[in-house]
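Thanks for coming. I will keep this short, so please have a look at the model on the screen.

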Amino acid sequence: MSMRSQFLLAGLEAIHATRLHRVAPRFMTGVGAILTFHHVRPARTDCFQPSRNLEITPHFLDRLLTGIQENGEEIVSLDEAHRRLTEGDFARRFVVLTFDDGYRDCRDFAYPILRRHGVPFTIFAASRFAEGEGDLWWVALERAIAAQDKLAVTIAGRDYRFMLADAMARQGAFDTLYWALRALPDEAEMRAIVAAMAADAGVPTDAICREFCMDWGELGELARDPLVTLGTHSDSHIMLAKGAEEDTWADIEQGANRMEAALGTRPAHFCYPIGDHSSAGPRDFRMVADIGFKTALTTRRGALYPEHRDHLTALPRISVNGNHQKLRYAETLLSGVPTALANGFSRVDVE
């Protein structure tokens, strides 16, 4: 577990121990929260799992949904959340469930649980992922590191060399390289470096997308269930803020166009790839609004407040962290108290 994750864990323990999440006033907890999920699948035994924080077990999802409902919070669709924000209907605090990237394990493991609980949820799929042509570069990076005992690579003129003797060394290499790659201003260069690393390690990358992501047929089958909303995650899952305006616009619009062509319905909701401050900003928020989406979701941390009615294309979310699969942590996060404290009680983050 990273130092940041351990720090977060300690904070959650402290808030839970003081019961602040139970007694905090509405100005801290907000009117609702949007939860972010990625993978839902049985726990793996691999020692090297650099993206462990992005996956939870089906058992934990089941317990989480039960806990939310027992806590008196209402799980609603993204359309209903939009209505409540625009109409100011805040009589009852609400929760929205969102699943990014369109991973097949969502269908195989999450969907049966969500259907049994009878709760609505949204899947955000990148069009090229659904067509089997997407670049899951973070998976390729993980596999390139796992396949070697040593690694040398140059990024932005800096040479990186690693001895990959064990899982801890591999985790350190992944963390260092991931953030060095994310810092590159040119995403095409970033992806090319990862592709070269994978090729040098003998790791095939052309089938990764099909291995992990649902295709249009699978997504369309899910979409026939009234509980399911499909949103677009762009066309090629690029970090939009790094692109020229015309390229960013094209990728957003193409994602919606391809989904409409494949499934017959135009998506009304958008989710920014990566979605943090470095990958989505004010220009992108305005662009998504101009294209016509009802809402757009970031990964900026926070609960929802009445003020978000004026910033529907820059909505924050709360990530369900796979390193913290205990109900007391989830309950504390969902309360909005940890993010309110972390944000200095600022309700809206749109800059």
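First, the ground rules. This is a predicted model, in which local features need pLDDT of at least 70 and side-chain atom pairs count only at pLDDT 80 or more, while totals for chains, interfaces and linings use all residues. Residues are numbered from 1 along each chain as its sequence is written, and side-chain values use heavy atoms, with hydrogens and water left out.

Searching the whole structure gives 13 aromatic pairs. Rings of Phe, Tyr and Trp (its six-membered ring) pair if their centres lie within 6.5 Å; planes under 30 degrees apart are stacked, over 60 edge-to-face, the rest tilted. F174 and Y178 are stacked, because their ring centres are 5.8 Å apart and their planes stand at 20 degrees. Both sit in helix α9, residues 167-182, four residues apart, about one turn of the helix. Helices here are DSSP runs of H or I, at least four residues, and strands are runs of E, at least two, numbered from the N terminus.

Y178 is buried, at 15% relative accessibility. Buried means under 20% relative accessible area, exposed over 50%, partly exposed in between, with a 1.4 Å probe and protein chains only. F174 is buried too, at 6%. F129, W137, W138, F174, Y178 and W179 form one aromatic cluster.

Now the backbone. A156, between β7 and β8, has a positive phi of about 55 degrees and is exposed at 66%.
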